[in-house]
Amino acid sequence: MAYIVVATSNAHKVEEYEKLLEGQKVELKSLLDFPNFPGVEEDGATFRENAAKKALAACKYCDVPAFADDSGLEVEALDGRPGIYSSRYAPTDAERIAKLLGELEGVENRRARFVCAIAIAVNGEVIETFEGEVKGRIIDAPRGVDGFGYDPVFQPDGYEETFGEMAQELKNKISHRAVAFKLALNFVEDEMSVLDDDFDL
C-alpha cells in the first residue's frame, strides 16, 4: 500500500486526517514516524505559504509525496488576529483561549472564521494548494472538552454546539480542515492520475 506523509507532529491533527482518509487506499504517516525531521520555520506571510513550505520540506526529507496544512483562527474585531500566529498566540491551548477572550471582553462583534490551507508536494515540488474555511462566532466562555486549540470557544454558523462539544464525525464533515482536504482529494483523484505509482488514492 502506498503511503503519504502529513507534515505535522500534532497527534490531534493526525487523528483527524486518519478519519478523513478512511476508505482510501493509502496509509497515512506523519512526522511522528520521522523523529529526526529537522523542522520548518513557519515564516510565511499567509496560510498557503506556510503550508507549502512544510509540505515541500517533508516531501524532500521523507522522499515520498507529502501534504501539510497551516490553519488558524481569524477574528473580525481583532483585524484578523491571531491568524497565522494562532498556534503561537500563547504557550498552551488554555492560555490562547484566555488571551483571546480577554481581548474580546466587551466587544460586540464576535464574528470569526477558521481557515485551513493544504499544500501537496510530489517529487520535490509543490503541485497545488487548497483553502477551506468555516465561519462562526466566538462565544463568551469555553464549552466542551473535545477537539483542540480554539474549538471550545468557536461556534460554527448554523449550529448550537461549539467545535469542542461537537461529535467528531460531524466536525469532520464541516470543519475548515475537512473542506480543504476534500478539495485536495478531489484534485488528486481527478487530475493527478499520472502520479498513481507514487500517490495511489
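## The Lys 171–Asp 151 pair

In this predicted model, Lys 171 forms a salt bridge with Asp 151, the closest N and O atoms being 2.6 Å apart; a salt bridge here is a side-chain nitrogen of Lys or Arg within 4 Å of a carboxyl oxygen of Asp or Glu. The pair links distant parts of the chain, 20 residues apart, with Lys 171 in helix H4 and Asp 151 in the loop between strand S5 (125–138) and strand S6 (154–156). Helices (H or I, at least four residues) and strands (E, at least two) are DSSP runs, numbered from the N terminus.

Both Lys 171 and Asp 151 are buried, a term that means under 20% relative accessible area with a 1.4 Å probe and protein chains only. For Lys 171 the relative accessible area is 2%.

## Glu 16 and its two partners

Glu 16 forms a salt bridge with Lys 171, with 2.9 Å between the closest N and O atoms, and this pair joins helix H1 (residues 11–20) to helix H4 (residues 168–174) across 155 residues.

Glu 16 counts as buried at 4% relative accessibility, and Arg 177 counts as buried at 2%.

## The network

Lys 13, Glu 16, Asp 69, Asp 151, Lys 171 and Arg 177 are linked in a network of salt bridges, and the structure holds 17 salt bridges.

## Basis of the values

Residues are numbered from 1 along each chain as its sequence is written. Because the model is predicted, local features need pLDDT of at least 70 and side-chain atom pairs count only at pLDDT 80 or more, while totals for chains, interfaces and linings use all residues, and side-chain values use heavy atoms, with hydrogens and water left out.

Methods: Buried < 20%, exposed > 50% of the residue type's maximum accessible area, 1.4 Å probe, protein only.
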